[in-house]
Amino acid sequence: MHRLHRTIVLLALLAPVAGCKSVALKFAADSLASTGEAYASDDDPELVRAAVPFGLKTMEGVLEERPQHEGLLTSLASGFTSYGYAFVQQDADFADWDGKLDLARAGRERARRLYLRARGYGVRGLDVRKDRLGQRLLAGGKDARAALDEARKEDVPLLYWTASAWALSIAADKANMAGIAELPTPIAMMERALALDEAWNDGAIHEFFVVFDATRSAAEGGGPERAKAHLDRALALSMNKKLGPRVSWAEGVLVQRQDRDAFVRTLEEVIRADPGEVPRYRLVNIVAQRRAKALLAHVDDLFL
C-alpha cells in the first residue's frame, strides 16, 4: 500500500511536466503493476478490503493511457479475481451457510461480474503477449486448442489468472448452461499452464486442481486420488506453509467422503497455524483461516 501511495503522488507530480507525460505514465504503470506484493504480507484483511478497489480503479485509469501494458493487464486480472474471491465470493458463501439467501445471491452475482472483468483484462493481456491469443481462447473449440499449443512458460501468469477468473465466473452462476459449456476452455488453459510451469507461484496451479478434481470423478479425470496428489504437490511447493490447499481439501474431498473427524482435525490445524510464518502468504492464510472457522461453525450441516 505504501508503494501504491508513492506511485499516485509521483504520478500527480510528474504528469504536468512538459514532455514527461509518457515517461510518468510508464513509471506509474510499472509501479502500480507490482503493488500486489504489499497487500500479500498485510495482516489486516479489512484494511486490504477497503484499499484494493481504489488501487484497481487507479490502475484502470492508467491503463486507459497505456492500454497494452502487460504488467497492468496482469495485475488487473489477478486483482479483480483475488478481490472477488476473498472479499465478495467468500462473504456470499458465509451468507448462504447462515441461511441469508438473498444476500448470498446478490454477492455471487457481484463476484461473477468481477470475475468477468478480470477475465477481460486477462484476455487483453494474452493478446498483447501473442497476437490474438486471448481472443482465440475466448472463442473456444479447435482454435483455442491450437492457441494453447503456442503458449509458452512466460504466458503462465496470464493463463492462470484468466482461467481462474473464467472458471470462477462459471461456478458463480451454475444455472447458466451456456457458461458451463465454456468450462473445458479454462480447464485446458490450467492444464497447459501446469504442463509449462507446475511450480509457478509456489504451487498455485496445483491448488486450483485440488478444488476442481474434487468436483469430478476419476472417470472424468479427477477424483479424490488426483486431488490428493495435487494437494501434496501444492504443499511441497509452498514448504507446507500455505493453508488454503488444506481448507480446499477438507471442504471438497473430506465432506464428500463424510469423514468428519479428518475434516475437523484438518481445519483445527489450519486455525492453529501461524499465518505469517512466511510473510508473502500472510493475507491469503488469514483468509483461509476465516473460511476454516466458518466451515467448522457449520460442521453439523455438512455431515450426516
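**Exercise 1. Work out how helices α14 and α15 run relative to each other in this predicted model.**

Start with the geometry: the axes of α14 (residues 244-257) and α15 (residues 260-272) come within 9 Å, and they cross at roughly 170 degrees. Next, bring in the cut-off: angles over 145 degrees count as roughly antiparallel. So α14 and α15 are roughly antiparallel to each other.

Now look at who does the touching. On the α14 side you'll find R246, V247, A250, E251, L254 and V255, while α15 brings A262, F263, T266, L267 and V270. Sort the residues of this contact by type and you get eight nonpolar, one polar and two charged.

**Exercise 2. Decide whether D93 is buried or exposed, and find what it touches.**

Then check the area. Buried means under 20% relative accessible area, and D93 has 8%, so D93 is buried. Leaving out residues up to four places away in sequence, D93 touches R108 and R291. For a sense of distance, L103 is ten residues from D93 in sequence, and their C-alpha atoms are 9.5 Å apart.

**Exercise 3. Find which residues touch the most other members of the largest nonpolar core.**

This core has 52 residues, and the ones to pick out are L137, L159, M189, I205 and F209. Helix α9 (residues 156-171) supplies the largest share of the core, ten residues. Zoom in on M189: beyond residues up to four places away in sequence, it touches L126, L137, L148, L159, T162, A163 and W166. There's also a second, separate core of 22 residues, including V210, A214, F263 and F303.

Notes:
Residues are numbered from 1 along each chain as its sequence is written. This is a predicted model: local features need pLDDT of at least 70, side-chain atom pairs count only at pLDDT 80 or more; totals for chains, interfaces and linings use all residues. Side-chain values use heavy atoms; hydrogens and water are left out. Axes are lines fitted to C-alpha atoms, for helices over the stretch in contact, and angles run from 0 to 180 degrees between N-to-C directions. Helices (H or I, at least four residues) and strands (E, at least two) are DSSP runs, numbered from the N terminus. Angles under 35 degrees count as roughly parallel, over 145 as roughly antiparallel, 65 to 115 as roughly perpendicular and the rest as oblique. Contact means heavy atoms within 4.5 Å. Ala, Val, Leu, Ile, Met, Phe, Trp, Tyr, Cys and Pro count as nonpolar, Asp, Glu, Lys and Arg as charged, and the others, Gly among them, as polar. Buried means under 20% relative accessible area, exposed over 50%, partly exposed in between (1.4 Å probe, protein chains only). A nonpolar core is a set of buried Ala, Val, Leu, Ile, Met, Phe, Trp, Tyr and Cys residues joined through side-chain atoms within 4.5 Å.
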